[in-house]
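Dear colleague,

I am passing on the structure below, and my notes on its helix contacts and one of its sheets follow it.

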Amino acid sequence: MSTKVLISGASIAGPALAHWLGRYGFDVTVVELAPAPRDGGQAVDFRGRTHLGVLERMGVLDELRPLGTGGSPMTFLAADGRRLLHLPAEFAGGELEVPRGEVARLLYRHSRARAEYVFGDSITALEETPSGVRVAFRHAAPREFDLVIGADGLHSNVRRLAFGPERRYVRHLGYYAATWELPNDLGLPPGAVGLNVPGRLMSVGADHRDPRRAGAFCLFASPVLRYDRHDRAQQKALVRNAFTGLGWRVPYLLETLDAAPEPYFDSISRADVPTWSSGRTALIGDAACGATIGGMGTGTAVVAAYVLAGELARARGDHRAAFGRYEALLRGYAQGCQKGGDRTGPFLAPRTATGLRFRNALLNRRWALEKMLELGKQVSSVELPDYEAQLSGRSGAGG
């Protein structure tokens, strides 16, 4: 009988893991709170031989390349309109930048033939039994699985149920960020141009796929704010309060925020979980070792899915050995990538005028840009086992 695995979350890590587990013969179910595969979101990037190598092994790299944005140049302006800094497309976009929704849809298409997807539902309780994990759902009847994997992001429901409350594992890094879509009434080109003052950044640029649409992004320094993560009106008010009084296109962009149906708003935070597994439950992606922005989370999630599935297949039912090897191989790598998230807020919106001047003076030098790009490639690289070669000749890896 195949090992029955429940994955919570159908963004990036979940479908990537479902793809590999299904390929190895596991019986996979993916549950997702959203009513359908999620669309939209900021562009995500892949960089270095490890990210691209795993995508190639999955058979999706050639399909992702035509969806690439070509990268997103960023221009920072002072309050008087002077250009402070211009970052080329490859700085933020890596070697391949793709809209998040496109990546999620592609991974869903590649995994759905070998996995059951349940949309519009979520896990409400986990009870480990001698033979597996009994799972209660918000809507569906309870079911028992051999293993449960939390691929449900920084605010992981599985982590909360199996490991403890979020406050134990998620640390605020001093900033908040928001994104939303709007009509491109300004005739903007792709990329991003934004007003940058101490502690705040408000930027906008055309959608790479549809020049009639644009995307706004803002970031501001703040201590922890108390708000309802599901109350969009409250979140919009927090953004308005943070940017009231600024000039340039900020008043117009705040007006478009009022009409935005599905804005994204969250703290810039990081998750640090002392161990990524507890009994028959394990965490992957941002749930285990994530950062809201700048921590190479998408590339790390794809790599982690490859390793976790490979170790489970190699272990032939010994989940303890598989979970241990998965974490031993990837913890240092994931934490190295995650450190980029610690620097995102201070980099994009230094809190002081002195900090802004220093960043601009440094990165207006080409050698400094090239050094940072090279460091990014090094951090995102790790040697990975060739699981399919190791498993060659074996059948029923999930049994």
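Which residue of β9 stands opposite L126? The residue opposite L126 is V135 in β9.

Please bear in mind that this is a predicted model, in which local features need pLDDT of at least 70 and side-chain atom pairs count only at pLDDT 80 or more, whereas totals for chains, interfaces and linings use all residues. Residues are numbered from 1 along each chain as its sequence is written, and side-chain values use heavy atoms, with hydrogens and water left out.

The sheet is open and has three strands in the order β8-β9-β10, with antiparallel pairing (strands being DSSP runs of E of at least two residues, and helices runs of H or I of at least four, numbered from the N terminus; two strands pair if DSSP finds at least two bridges between them). β8 (123-128) and β10 (143-145) are at the edges with a single partner strand each, so one side of each is left without a neighbour in the sheet. Between β8 and β9 (residues 133-137) the antiparallel pairing runs over five bridges.

Turning to the helices, the axes of α7 (residues 232-243) and α8 (residues 250-259) come within 10 Å and cross at roughly 175° (axes are lines fitted to C-alpha atoms over the stretch in contact, with angles from 0 to 180 degrees between N-to-C directions). The two helices, α7 and α8, are therefore roughly antiparallel to each other (the term applies to angles over 145 degrees). In this contact (heavy atoms within 4.5 Å), K236, V239, R240 and F243 of α7 meet V250, L254, L257 and D258 of α8.

Best wishes

Definitions and conventions
Angles under 35 degrees count as roughly parallel, over 145 as roughly antiparallel, 65 to 115 as roughly perpendicular and the rest as oblique.
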